[in-house]
Amino acid sequence: MTTNTITLGSSITAGTNSSWLSPFGDFAFGFYPLLSGLFLVGIWFDKIPERTLAWSANRDDPAKIGSTIHLRPNGQLVLTHSNGTEYLVYNGTSTISALMQDDGNFVLLDSSSKIIWQSFDFPTDTILLGQVLVMGQKLYSNANGTVDYSTGRYMLEVQMDGNVVMSAYRFADPGYWFSLTAGNQNVSLIFNQSTALLYVVNRTSIIPTMTQKVPTPIEDYYHRVTINDYGNLQQLVYRKENGNKWTVVWEPDFIAAQPCTVYNICGVYGFCTSPDNKTVNCDCLPGYSPWDPNVPSKGCYPNVVMDFCAPNSSTSDFTIEVIDNADFPNGEFADMARTAPADVDQCKSEITDDCFAMAAVLVESVCYKKRMPLLNARISFPSTSNIVAFLKVPKVITRTKFKTITGVNLHPGCSVSRTLLCSIMALLFAAIAIYHHPLAQLLYVTSRRHLELHQVDEAREGDDMILTDWVLCSVRTDNLKAIVSHDPDVLQDFNSTNDVIYSLTANFSATIGEYYHRATIDDMGNFQQYVYHKSNGSGWISVWKAIHEPCFVNAVCGVNGMCSSPDNETVTCNCIPGYIPLDPNHVSKDLDRVLNVDVEGCKVALMDDCYSIAASLVDSRCNKKRMPLLNARKSTSTKGITAFVKVPLKSSNPGTREGNLLLTLLLLCSLLSCNAQNQGNITLGSSLTAGSNSSWLSSSADFAFGFYPLTNGLFLVGIWFANIPNKTLVWSANRDIPLPTGSNVTLTKDGRFVSTHTNGSIFPIYDGGAASSGSMQDNGDFVLMNSAFALYYHPITKRFKSRKPPSVPYASDFNLRAFTFQELYEATDGFSNRIGKGSFGTVYSGTLGFEDKEIDIAVKQLDNVIERGEKEFLTEVKVIGQTHHKHLVKLVGFCNERSHRLLVYELMKNGPLSGFLFREEEKQAGITGQPIVLQIARGLLYLHEECDTQIIHCDIKPQNVLLDEHYTPKIADFGLAKLLMKDQTRTSTDMRGTMGYMAPEWLKHAPITAKVDVYSFGVMLLEIICCRRHIELNRIEEETEEDD
């Protein structure tokens, strides 16, 4: 054994096959080669043929050959990519040496041999013997086995509540596996070094032990615990002598028994089957095709996209696929609608008749209609046994063999060489770009597949909006037998021993007997307690309500409707952008999450995901939404939240369609009093006839039972307040099937209670046959005597809990950081590293500590800032602070201190585009013309048409297009341009720009529009295609000499 101490100044180069070994040679640290030819800085088992990777520092940014990992003399551990960019693995300065230990832990040591940094503290997908995960630490699976080691879809987390959870973390997945240790403190997941057992501990003891048995002796085996790309946590061993593979010694029982139960294992619209309950087979649902046949987990896309709610659609446009023993499980409360009871034919009919529904499952006798897209379609025995799944599949219409792109038919035989096509396009563009903007618009529309992104304006008061998909509910722990009673003035919860456990309303201050009382859930989904003064009342007065923001109610405005309530009293229902009401008279959990994004990042995430139609930005979380949308709203609690809706471009709006598909949840609570008085018996054979105005009254005549008239001329068999003008209904027996005039309700001679339609059909209200009389009581309860049956329903009702809206941090006008001049002076090392100079000042590079990390910055120091310069500086700060796009250079902050005017940008490490286009040596491999042209066009289109305030750049040229570390182009210096408000069409300004790129309008002193940027873009496009300047002085001189 050797110490293998790694001294300061040591380094390894990718592609040299060198590494830093542990003393016994079991583990190695260095560059781990990938199948792609790239490398990860990692740790691997070095003595087995597979050389299994256990840790990596750059899993999401592999390095090219020639990159280095360097333990610098100053103590930093740095990965330097072949292009010169650096990634700090460790940024401290007290390191004296490093060591690759025999337990697989790579450590940095100080002068006292104390560990100051270790790889065990930053796990990837694996933990090794002796490694511990504490609360807050996570493991992330690989994206695709040993092919793609980047961060994958699954996460194991030791949560702060003490539970160890596995989840598909990018989706609204609460977790598909739990350790059931929530509520414990100081919880850790330990992989014991001496016993090789995996278990969870709290501060005092082992809670559950996962591993029961491992092969012995322990030291004869290599050990690891890994969360794999199938979402399974496995403990594996590999025999050191004569071993030939990793063997699983532990995995969660239910995943081992039913691997298809892992969330989203086959991707969106994928279909998981496992005939042997060991292996996973991923296919596509009927009517869908795989995105990547080689990587089934990427999911599937629909073969045909069809709007089943279009005015001309019909049931002949689709078929219903019925799949036995299959399920489309959603998260709790995430289903679109439920129908019960139902059988196979009824569930099939439900999905056929509902144009919003694409899928459903029948579980026992409940039909669950599903929201889209489907994430977890599967057949898995026994969990999906006896479940029937239904899927609406569009019928494929035979198409011509011509390909259609944005309305133009292209024959497959038409092919033009790339060079010739690009040249023709460039010449045409340059000829017409002065006055028109078609190419950029064409590229933009084509790339976005005829979609607009509508954003609810966060700049205007009251315009904030949230898209949610939760259902208001409450869960009462240890009080499942609790009931809600009316006492009679206070709504309270009682448990089985009649103890009050929760009071909904405060004590009623007036005399109880002077008022009528009721508690009702209304058609807007709110549960309220009302009173009505008996002698001089003019209307029902609400004394308590469960929901104080009416737009909180689930689906209050129906599918794809948007709710707004400026006063938190009334509800206004409209359609979200791009939708029209099915009936103008009746407008009645998350798909995916992206973290640490701003408005532009959320917009890009939505546009790049073909499955997502809507999203909302809450703080820095972009939550993509399932369809259809049920709860779009603007209310007090949605302040600071921004919503996005993807809207197809179309020439005209389709006509409206008759029908009301408003989804409403209705509940009736009848009220019980212990001191009810009986007016008198209703004898057997008594009956009432609809339209006769007769009824059975209580003794006080406060309540009546009979036929309640509706505005449409039909009647409900019901109970109402009889002594008030509006005769408020409190109960009905046939709310879904009103009866016509002439129908009757009868207490029959044989003791049954039935209603009879005029066509002779009979609806039994009570069919027991044991009643001897009936009574309308003074508490509003109609009962049948001498029978165990009473005509009121007294459910165990869960109380509503007010949900406090989450606090939203105040957003400043600029959303930028204000720096002091001293901070920027130090960050740029005294403005010593100049990287450029422009018309407005000099640019320096630097490094700045920002939000617990260091970022590279570019600082523009503005020169001669007087009057006009000061105005333009303020314009840039205000406008760019609210302008975000992936193809615009991001402004990080500014300095406005005394005479100092500085702008702080993200550093574009590869400099201006001109540096790659016009240098003599061979062009950089990372630069390709076509993608760069598209990306610059998108950034320019954003400035011209998508900003709240239109921006004309006025100086588009290769020097003002910068390249980041991935050679992605970003437009710079756009904030110093003259601004156009949206309601203006043209403006005049002083001459600006660079000779050779300036449009004729500048020279003619004509009004300036966005077309001047299009002209400059056309000139730059020619330069990109030809890789030469449009004007080269040396060529002009040579031609002049030849002429002479």
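Reader: Where is K860 found?

Author: K860 is found in strand 66, residues 853-862. Strands here are DSSP runs of E with at least two residues, helices are runs of H or I with at least four, and both are numbered from the N terminus. This is a predicted model, in which local features need pLDDT of at least 70, side-chain atom pairs count only at pLDDT 80 or more, and totals for chains, interfaces and linings use all residues. Residues are numbered from 1 along each chain as its sequence is written, and side-chain values use heavy atoms, with hydrogens and water left out.

Reader: Why is K860 called buried?

Author: Buried means under 20% relative accessible area, exposed means over 50%, and partly exposed lies in between, with a 1.4 Å probe and protein chains only. K860 has 5% relative accessibility, so K860 counts as buried. In the protein, buried residues make up 49% of the 1044 residues.

Reader: What does the UniProt annotation say of K860?

Author: The unreviewed UniProt entry has a "binding site" annotation that covers K860. Such positions are given in the numbering used here, feature names are shortened, and annotations may be inferred rather than shown by experiment.

Reader: How many helices and strands are in the protein?

Author: The protein has twelve helices and 72 strands.

Reader: What is the order of the strands in the open sheet of four strands?

Author: The order is 3-4-5-6, and the pairing is antiparallel. Strand 3 (19-21) and strand 6 (53-56) each have a single partner strand, so one side of each is left without a neighbour in the sheet. From one strand to the next the twist averages 30°. That angle is taken between N-to-C directions, on a scale from 0 to 180 degrees, with axes fitted as lines to C-alpha atoms (for helices, over the stretch in contact).

Reader: What makes strand 3 and strand 4 a pair?

Author: Two strands pair if DSSP finds at least two bridges between them. Strand 3 and strand 4 (residues 27-33) have three bridges, in the antiparallel sense. L21 stands opposite A28 in strand 4.

Reader: What makes the contact of D26 with K47 a salt bridge?

Author: A salt bridge is a side-chain nitrogen of Lys or Arg within 4 Å of a carboxyl oxygen of Asp or Glu. The closest N and O atoms of D26 and K47 are 3.7 Å apart, and the pair forms a salt bridge. D26 is in the loop between strand 3 and strand 4, while K47 is in the loop between strand 5 (39-45) and strand 6, 21 residues apart. D26 has a relative accessible area of 11% and is buried. The structure holds 13 salt bridges.

Reader: Which residues are linked in a network of salt bridges?

Author: The network links E350, D354 and K369. Between K369 and D354 the closest N and O atoms are 2.8 Å apart. K369 lies in strand 32 and D354 in the loop between helix 2 (344-353) and strand 31 (359-363), so the pair ties together parts that are 15 residues apart in sequence. K369 and D354 are both buried.

Reader: What is the N to O distance in the salt bridge of K370 and D335?

Author: The distance is 2.8 Å, N to O. K370 is in strand 32 (residues 366-370) and D335 in the loop between strand 29 (318-324) and strand 30 (337-339), 35 residues apart. K370 and D335 are buried.

Reader: How do you know that the span of helix 11 agrees with its 16 residues?

Author: The expected span of a helix is 1.5 Å times one less than its number of residues. For helix 11 (residues 1011-1026) the span should be 22 Å, and its end C-alpha atoms are 23 Å apart, which agrees. Buried residues of this helix include V1012, F1017 and I1024. Just after helix 11, C1027 takes a positive phi of about 55°.

Reader: What phi does N264 have, and why is N264 called buried?

Author: N264 is not a glycine, yet its phi is positive, about 60°. N264 lies in the loop between helix 1 (253-257) and strand 25 (270-273). Its relative accessible area is 2%, so N264 is buried.
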